[in-house]
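This briefing goes through one protein chain by topic, from the overall picture to single residues. Please keep the sequence and the structure in view while reading.

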Amino acid sequence: MPADPLHRAGNPQRSTTSQPPSGSGASAIEVRRSARRRRTVSAYREGDRTVVLIPARMSEAEEQRWVTVMLDKLAAQENRRVLGDTELSERAARLSELYFDGRARPTSVRWVTNQNTRWGSCTPAEGSIRLSHRLQGMPEYVVDYVLVHELAHLLVPGHGADFWRLLEAYPRTERARGYLEGVVAADRLPHLPAARGE
């Protein structure tokens, strides 16, 4: 029987697998430690799990920090592949099942280029959801938040207490809102002219 390349003599490795927070819709996370790996950290998807490769000497706190960093990095890379309207509709259906027991059923979900002051919009009477093209390339959890927000409007049209209670189901609401607020704030910063050569 051939030796397992991950457990060769002289290269001890430790692998731990954890489940993501319940309701997050994310895959299981497997952390593989390697004595050969000195400084670099990398991650990739392997079936229904995310594998994060780290140096064996890292502390548990460093491991947790790097897992978060690498999950965000992978999500951003995956989101750079622009979803078409069909994939966006499929994603909305999955999110509705996950967070609203499938009760939010849009008739259409699509990208639009005419929303420069809003991230998304919903017309409950028609069941249509539109997302701003400016979200393309942002982390997956941010796009998911905007989708969940607009899906919630199919169930509760306004922004009252019932609406915000619905959004509590999505575990990354505050983080996504903070990200979007940061984007808006960065756009408002004065753009200084480039310094001329000295």
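How much accessible surface does the protein chain have, and what percentage of that surface belongs to carbon and sulfur atoms? The accessible surface comes to about 12300 Å², and carbon and sulfur atoms account for 51% of that area. The model discussed here is predicted, and the mean pLDDT of the protein chain is 81, with 79% of its residues reaching 70 or more.

**Confidence**

- Over residues 1–13 the pLDDT stays under 50, and for this stretch the model has 11 contacts beyond four places in sequence.
- A further stretch in which pLDDT stays under 50 covers residues 19–26, for which the model has 12 contacts beyond four places in sequence.

**Overall architecture**

- The protein chain contains five helices and seven strands, and, read along the sequence, these elements follow the pattern β-β-β-β-α-α-β-β-β-α-α-α.
- Of the 198 residues in the protein chain, 36% are buried.
- When contacts between residues at least 6 apart in sequence are considered, 43% of them join residues at least 24 apart.

**Second largest pocket**

- The second largest pocket holds about 370 Å³ of space, and its lining is made up of 19 residues, of which Arg118, Trp119, Tyr145, Leu180 and Val184 lie nearest the centre of the pocket.
- The elements that give two or more residues to the lining of this pocket are helix 3 (140–155) and helix 5 (173–188), and helix 5 gives the most, with six residues.
- Sorted by class, the lining of the second largest pocket consists of seven charged, six polar and six nonpolar residues.

- Leaving aside residues up to four places away in sequence, Tyr141 touches Asp72, Tyr170, Arg172, Arg175, Ala176 and Tyr179.
- Between Tyr141 and Ala75 the separation along the sequence is 66 residues, whereas their C-alpha atoms are 7.8 Å apart in space.
- Leu151 also belongs to helix 3, and this residue is buried because its relative accessible area is 0%.
- The residues that Leu151 touches, not counting those up to four places away in sequence, are Ala92, Leu95, Ser96, Phe100, Ala104, Pro106 and Ile129.
- From C-alpha to C-alpha, Leu151 and Ser121 are 9.7 Å apart in space, while 30 residues separate them in sequence.
- Leu154 likewise has its place in helix 3, and, with residues up to four places away in sequence not counted, Leu154 touches Ala104, Arg105, Pro106, Cys122, Pro124, Gly127 and Ile129.
- The C-alpha atoms of Leu154 and Thr123 are separated by 7.8 Å, although the two residues are 31 residues apart along the chain.

**Backbone at Asp101**

- Where does Asp101 lie, and between which elements? Asp101 is placed in the loop between helix 2 (85–100) and strand 5 (108–112).
- Asp101 has a positive phi of about 55° although it is not a glycine, a value to be read against the background that most residues other than glycine have a negative phi.
- Is Asp101 buried or exposed? Asp101 is exposed, because its relative accessible area of 64% is over the 50% cut-off.

Conventions: Residues numbered from 1 in each chain as written. Predicted model: local features only at pLDDT ≥ 70, side-chain atom pairs only at ≥ 80, totals over all residues. Heavy atoms only, no water. 1 Å grid on protein atoms, 1.4 Å probe; cavity = no way out; pocket = protein on both sides within 12 Å on 5 of 7 lines; lining within 4 Å. Points joined across faces, edges and corners; volume = space filled by probe spheres on them. Helix = DSSP H or I, 4+ residues; strand = E, 2+ residues; numbered from the N terminus. Nonpolar A, V, L, I, M, F, W, Y, C, P; charged D, E, K, R; others polar. pLDDT = per-residue confidence, 0-100. Contact = heavy atoms within 4.5 Å. Buried < 20%, exposed > 50% of the residue type's maximum accessible area, 1.4 Å probe, protein only. Areas by Shrake-Rupley, 256 points an atom, 1.4 Å probe, with all protein chains shown as cover.
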